[in-house]
Amino acid sequence: MTNVVCRSCIAEEYLQDALDFEIEDECSFCSSEANVVAFDELVETCETALLASFQYVHQPMSVIHFNRQPVGEHLYDVLTRILGAQMT
């Protein structure tokens, strides 16, 4: 069974606008009956947005050896913010 997600379960406006919510079905995440998009399509759109907007940064040796503040934002934190994900 393919997971699907509704517009309400996506926090980021860019993703809401970029995806076509054309199929009516039960959302795999909130169980509401709504227009949804395949989760795989959401993942592909996130990947495209991330590759266009962010770059990988090598951390300086001071971060690795002396526990200094890392450069940039961790990918996990970016995904949590744009998807509005909650820890479960």
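Me: What helices and strands does the protein have?
Reply: Four helices and three strands. Both are DSSP runs (helices H or I, at least four residues; strands E, at least two), numbered from the N terminus. Along the sequence they follow the pattern β-α-β-β-α-α-α. The model is predicted: local features need pLDDT of at least 70, side-chain atom pairs count only at pLDDT 80 or more, and totals for chains, interfaces and linings use all residues. Residues are numbered from 1 along each chain as its sequence is written, and side-chain values use heavy atoms, with hydrogens and water left out.

Me: What makes β2 and β3 a pair?
Reply: Two strands pair if DSSP finds at least two bridges between them. β2 and β3 (residues 33-38) have four, in the antiparallel sense, so they qualify. E26 has its bridge partner in β3: E33.

Me: Which strands of the open sheet are called edge strands, and why?
Reply: The sheet has three strands in the order β1-β3-β2, paired antiparallel. β1 (4-6) and β2 (23-26) each pair on one side only, and are its edges. On average, neighbouring strands are turned by 65 degrees against each other, direction ignored. α2 packs on this sheet and touches β1 and β3. Contact means heavy atoms within 4.5 Å. The directions of α2 and β3 make about 55 degrees; axes are lines fitted to C-alpha atoms (for helices, over the stretch in contact), with angles from 0 to 180 degrees between N-to-C directions.

Me: Why is T45 called buried?
Reply: Buried means under 20% relative accessible area (exposed is over 50%, partly exposed in between; 1.4 Å probe, protein chains only). T45 has 14% relative accessibility, so it counts as buried. T45 sits in helix α2. Neighbours within four places in sequence aside, T45 contacts L15, A18 and L19. Of the 88 residues in the protein, 22% are buried.

Me: What makes the second largest pocket a pocket, and what lines it?
Reply: On a 1 Å grid over the protein atoms alone, a pocket is an open set of points with protein on both sides within 12 Å along at least five of seven lines, whereas a cavity is a set where a 1.4 Å probe fits but cannot get out. Lining residues have an atom within 4 Å of a point. This pocket has 14, with C9, F29, F39, L42 and L83 nearest its centre. α2 (39-53) and α4 (75-83) are the elements that give two or more. α2 gives the most, six residues.
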